[in-house]
Amino acid sequence: MRKHLLFALCCGLLCATATSLFGQNRPIDGLAHRILGDQDTNFVFVYQSDTVDYFLLEPIHPKQKLYSGEKIRITGNNDNSLATGLNYYLKHIAGVHVSWLLCEPVELPSSQLPLPVDPIRREAIVKDRFFLNYCTYGYTMPWWKWPQWERFIDWMALNGINMPLAITGQEAVWYEVWKEFGMTDEEIRSYFSGPAHLPWHRMANLDGFGGPLPMSWLEGQKELQQQIIAREREFNMTPVLPAFAGHVPKRFAEMHPEADIQQLSAWCGFEPTHFLNSSDPLFPKIQKSFMDKEIALFGTDHIYGVDPFNEMDPPSWEPDYLAAVSQNIYTSLQQADPAARWLQMTWVFYYKRKSWTPERLRAYLTTVPQDKLVLLDYFCEKTEVWRTTDGFYGQPFIWCYLGNFGGNTMLVGNINELEKKLTAALEEAGPNMTGIGSTLESFDVSPHIYEYLFDRVWNPHPDVHQWTDDWCKVRTGSYSHSDKWRLLVDSIYKDWSFYGLGTQLVARPSLEGHGTYYTKPYYSYNNDTLKKICESLVATLILEPCRGYVGTNWEGKYKDSYKYDIVNFFSQWMGNHFMDIRNNFTMAYKSRDIQEMKRQVKMANRLFEDVDALLNTHPAFMLGPWIEAARDWGATKAEKDYYERQARTLLTVWGGPVLNDYANRMWGGLVKDYYAKRWNLFFGAVIKAAKQGREFDEKAFGEELSKFEHAWTMKHTKYPVEPKKTKEIVPLGKYDYPLPRFERAMDIYERWMKP
């Protein structure tokens with residue numbers, strides 16, 4: 001009997017162990033299967049508690065018990081660490097990339113995945129890994145549904161991110177709050193901006209622009225947020241939910257004339273918004289109402305984003321007033337949630353650095369108890385605010401790389417300088433630097449520097465060149481182009497992003513400079529160097545696939561990531577090259593050489609046609625998916641048209657008199673149907689003036705151009721959502737290869753790159 005009991009006990013322990021190793025109900029198992037499919041059986045995930053976030057990779061051989069065949073064991077203290085370990089293995093050992101782009105597939109080898117030679121252990125050097133920006137919810141994510149969010153959350157987990165900004169669906173909460181305070185349905189929904197502009201409404205920069213917001217949007221976003229935060233928490237993330245910062249509707253102010261409500265300074269030409277002083281008795285009541293309703297819907301991890309006065313002046317710059325604002329905000333948070341911590345972006349302290357003097361900033365920051373206020377040092381590649389504020393006067397902060405404004409499709413981001421700045425901060429900032437993060441306004445652009453940033457969290461002794469070589473392997477399929485990627489990192493990715501950055505092609509037409517509005521064309525590298533890199537990468541893509549190696553996956557197909565990079569680099573070269581065409585046109589105008597002006601216009605139109613066709617060879621650079629995703633949120637034709645108008649407006653005229661062209665996207669469809677037509681209207685008007693012997697009136701033309709721009713936002717032209725498939729063979733010297741989907745890019749290469 002004792003033998004039977006002992007046998008049963010051993011079987012039970014064995015089954016329990018096997019369940020912990022092979023169970024399919026854990027978050028990490030679901031992620032592994034979504035990413036790897038049936039190849040997830042090559043991995044064994046083991047939980048092992050620790051005081052730090054860590055992962056351990058080890059090979060498992062058949063002779064070890066409980067396993068059949070060779071496997072890779074990943075041990076970690078939680079699902080987030082296990083996911084990071086899986087990503088480390090895929091990227092640095094197997095040469096497999098999991099992109100943040102849903103349209104970029106995970107390309108796995110059909111053969112056995114390689115085993116790590118020796119055990120590899122990595123520990124996180126900081127506890128907080130923050131990601132996102134209010135603006136990302138406008139420039140990248142406004143039209144996402146669950147499939148996009150699921151892939152993105154997987155990507156965040158794989159990259160060790162554990163503190164995402166989570167502000168989806170808050171309008172459903174605010175709707176109930178303002179209804180409780182007596183506002184009508186129409187008043188509330190008209191207070192909200194349209195979907196694409198919600199980030200700036202949430203930051204109190206504008207009200208009602210593009211509204212009223214459909215009720216179906218509120219309900220759909222509420223349900224989506226519940227899915228988002230549930231999955232984020234499964235991967236040990238701490239979602240940062242929003243809280244009340246003082247922004248109230250104009251109608252609310254009219255209903256409460258006794259309240260201490262003032263208008264803030266106007267932002268970018270929009271009507272000023274209204275701010276309820278935090279010392280007013282209504283402030284904690286609104287805070288409590290909002291947080292109670294938010295927690296009931298979404299739960300809480302006790303950290304809340306509160307950002308008063310973003311890019312605006314507060315009602316008073318007196319230090320005592322600023323101290324009272326922050327103290328009252330924190331008190332209202334604590335009254336609603338005694339465990340509350342406050343997270344604030346410090347962009348405003350950089351953006352209005354002349355106004356936020358040390359005396360004012362110290363007063364604002366030090367009235368909140370130590371460690372209850374976490375600050376995002378927002379734009380560290382440009383200015384590290386912690387260095388000018390005595391480390392934020394002891395409050396914890398997260399060192400952030402911004403890297404992109406508005407989704408500008410430009411090759412920017414200096415890994416070498418990023419590494420220098422980050423290493424210095426880790427050595428000098430002290431213990432109140434609790435994390436590393438990114439506050440990018442949009443992504444899908446230059447992904448490598450963001451992946452380096454989060455890889456750096458797990459590597460105390462980085463080698464930028466080795467990391468670049470590994471990145472080359474995951475992008476091209478081999479290390480044979482490492483020299484080209486090192487050249488890209490050292491010679492092309494030299495500049496930091498800044499707001500308004502773009503090519504001359506996307507700038508508002510002008511004879512010199514960058515015309516009116518926001519775009520500021522700039523690049524500091526030699527465009528011929530970029531051309532030579534493109535030549536090398538494209539030539540190899542043409543020649544090597546017949547050998548089934550470079551630029552292909554293990555089955556001889558072109559790696560999607562390789563195609564993405566070539567389109568990205570090649571279109572950048574073409575966008576830069578347009579500046580030469582524009583300048584030549586201007587020189588011809590000054591000498592009134594009509595024939596040369598027409599010749600330059602012909603060259604410009606050939607470039608417009610080709611760069612648009614090139615961009616349309618990869619869905620990441622196509623306007624169609626953006627428009628269709630927006631329309632997909634509509635339940636009726638009217639709603640679909642409304643969402644499309646929102647999507648078109650944000651990318652082009654933006655809204656207001658200041659931000660036209662801020663987004664600066666070189667996308668297929670947008671180049672041909674918007675930027676090219678804008679330039680041709682300009683070229684035609686300039687040539688007409690030259691023929692008539694008069695000076696071209698650029699200001700008067702700008703007024704005419706505005707009519708075209710605003711008319712374009714109202715259109716409903718359909719754009720392709722997938723690259724066209726074709727069986728055509730494109731002649732490429734003595735080699736003729738069928739290039740499905742990508743053959744147009746090769747044809748364009750022949751036209752522009754060959755002498």
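The questions below go from the sheets to the core, then to a helix, the backbone and the cysteines.

Guide: One point before we start: this is a predicted model.

Visitor: What makes β6 and β7 edge strands?

Guide: Take the order of the sheet. Eight strands form an open sheet, running β6-β5-β15-β14-β13-β12-β11-β7, with parallel pairing. β6 (163-164) and β7 (241-242) each have a single partner strand, so one side of each has no neighbour in the sheet.

Visitor: How do you know that β13 and β14 pair?

Guide: Pairing needs at least two bridges. β13 (residues 373-377) and β14 (residues 397-401) are joined by three bridges, in the parallel sense. The two strands therefore count as paired. L376 has its bridge partner in β14, namely I398.

Visitor: How many bridges join β1 to β3?

Guide: Five bridges do, and the strands run parallel. The cut-off is at least two, so β1 and β3 pair. V46 stands opposite T75 in β3.

Visitor: Which residues have the most contacts inside the largest nonpolar core?

Guide: F131 and W399 do, in a core of 236 residues. Helix α22 (residues 560-590) gives the most to this core, with 13 residues.

Visitor: Why is F131 called buried?

Guide: Buried means under 20% relative accessible area. F131 has 0%, so the label holds. F131 is found in strand β5 (residues 128-131).

Visitor: What does F131 touch, leaving aside its neighbours within four places in sequence?

Guide: The contacts of F131 include W100, F152, W155 and M156. Also among them are I161, M163, P164 and L165. S438, L440, F443 and F454 complete the list. F131 and F454 are 323 residues apart in sequence, yet their C-alpha atoms are 9.9 Å apart.

Visitor: How do you know that the length of α11 agrees with a helix of 17 residues?

Guide: Work it out at 1.5 Å a residue. The 17 residues of α11 (residues 282-298) should span 24 Å, and the end C-alpha atoms are 24 Å apart, so the two values agree.

Visitor: Which residues of α11 are buried?

Guide: L282, F283, I286, Q287, S289, F290, M291, E294 and F298 are. Just after α11, G299 takes a positive phi of about 70°.

Visitor: What makes the phi of N236 and of W654 worth a remark?

Guide: Most residues other than glycine have a negative phi. Phi of N236 is near 60°, a positive value. Phi of W654 is near 65°, also positive. N236 is in the loop between α9 and β7, while W654 is in the loop between α25 (637-651) and α26 (670-691).

Visitor: What makes the bond between G211 and P212 a cis peptide bond?

Guide: Look at omega, which is about 0°. Most peptide bonds are trans. P212 lies in the loop between α8 (198-202) and α9 (215-234).

Visitor: Are C380 and C268 buried or exposed?

Guide: C380 has 0% relative accessibility, so C380 counts as buried. C268 has 19%; the cut-off is under 20%, so C268 counts as buried too.

How values were computed: Residues numbered from 1 in each chain as written. Predicted model: local features only at pLDDT ≥ 70, side-chain atom pairs only at ≥ 80, totals over all residues. Heavy atoms only, no water. Helix = DSSP H or I, 4+ residues; strand = E, 2+ residues; numbered from the N terminus. Expected span 1.5 Å × (residues − 1). Buried < 20%, exposed > 50% of the residue type's maximum accessible area, 1.4 Å probe, protein only. Core = buried A, V, L, I, M, F, W, Y, C linked by side-chain atoms within 4.5 Å. Contact = heavy atoms within 4.5 Å.
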